[in-house]
Amino acid sequence: MKSYTDDQILKGILRHDNVVLAYIYKQYFYKVNAFVKKNNGDEDDVNDIFQEAIIIIYRKLKENDLLFENRSFEVYLFSVCRFLWLKELEKR
């Protein structure tokens, strides 16, 4: 599978590029999966959190409101997922 830079990933998200989105799932889903399941989540929770994070990143890109500031896409994505999951746990 081809490797993508952070910039290529962000442009792919904006273009709704299915190849880039598949790459994101393949490369980063496992980390979010492990985190959510370790913290009382299940497979459905992981899927919901990951998808919601991608949507949030997409919206921030559209609004030019996405700031990485020396962070990689992987770190940013995981941070968004972690925040969403902790917020979900508070609700429960």
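**Reading a predicted helical model**

Mentor: This is a predicted model, and its chain averages a pLDDT of 92, with 95% of the residues scoring at least 70.

Trainee: In which helix is confidence lowest, and in which is it highest?

Mentor: Where pLDDT is low, the predicted coordinates should not be read in detail. In this chain the lowest confidence belongs to helix α1 (residues 6-15), with a mean of 92, and the highest to helix α2 (residues 18-38), with 96.

Trainee: Which residues touch the most other members of the largest nonpolar core?

Mentor: In soluble globular proteins, nonpolar side chains tend to be buried together. Here the largest nonpolar core holds 28 residues, and those touching the most other members are Ile-9, Ile-24, Tyr-28, Phe-50, Ile-57, Phe-73 and Leu-77. To this core α1, α2, α3 and α4 each contribute at least two residues.

Trainee: At what angle do α2 and α3 pack?

Mentor: The angle between α2 and α3 is about 130 degrees, and their axes lie 9 Å apart. Angles over 145 degrees count as roughly antiparallel and 65 to 115 as roughly perpendicular, so α2 is oblique to α3. Their crossing is right-handed.

Trainee: Where is Ser-72, and is Ser-72 buried, exposed or partly exposed?

Mentor: Ser-72 sits in the loop between α3 (43-62) and α4 (73-91). Buried means under 20% relative accessible area and exposed over 50%, so Ser-72, at 28%, counts as partly exposed. A polar atom of the Ser-72 side chain lies 3.2 Å from the backbone nitrogen of Val-75, while the C-alpha atoms of Ser-72 and Asp-6 are 6.7 Å apart, although 66 residues separate the two along the chain.

Note on methods: Residues numbered from 1 in each chain as written. Predicted model: local features only at pLDDT ≥ 70, side-chain atom pairs only at ≥ 80, totals over all residues. Heavy atoms only, no water. pLDDT = per-residue confidence, 0-100. Helix = DSSP H or I, 4+ residues; strand = E, 2+ residues; numbered from the N terminus. Buried < 20%, exposed > 50% of the residue type's maximum accessible area, 1.4 Å probe, protein only. Polar contact = N/O pair within 3.5 Å; in protein donor to acceptor, adjacent residues only side chain to side chain. Core = buried A, V, L, I, M, F, W, Y, C linked by side-chain atoms within 4.5 Å. Axes fitted to C-alpha atoms, helices over the stretch in contact; angles between N-to-C directions. Parallel < 35°, antiparallel > 145°, perpendicular 65-115°, else oblique. Left-handed = near helix turned anticlockwise from the far one by under 90°.
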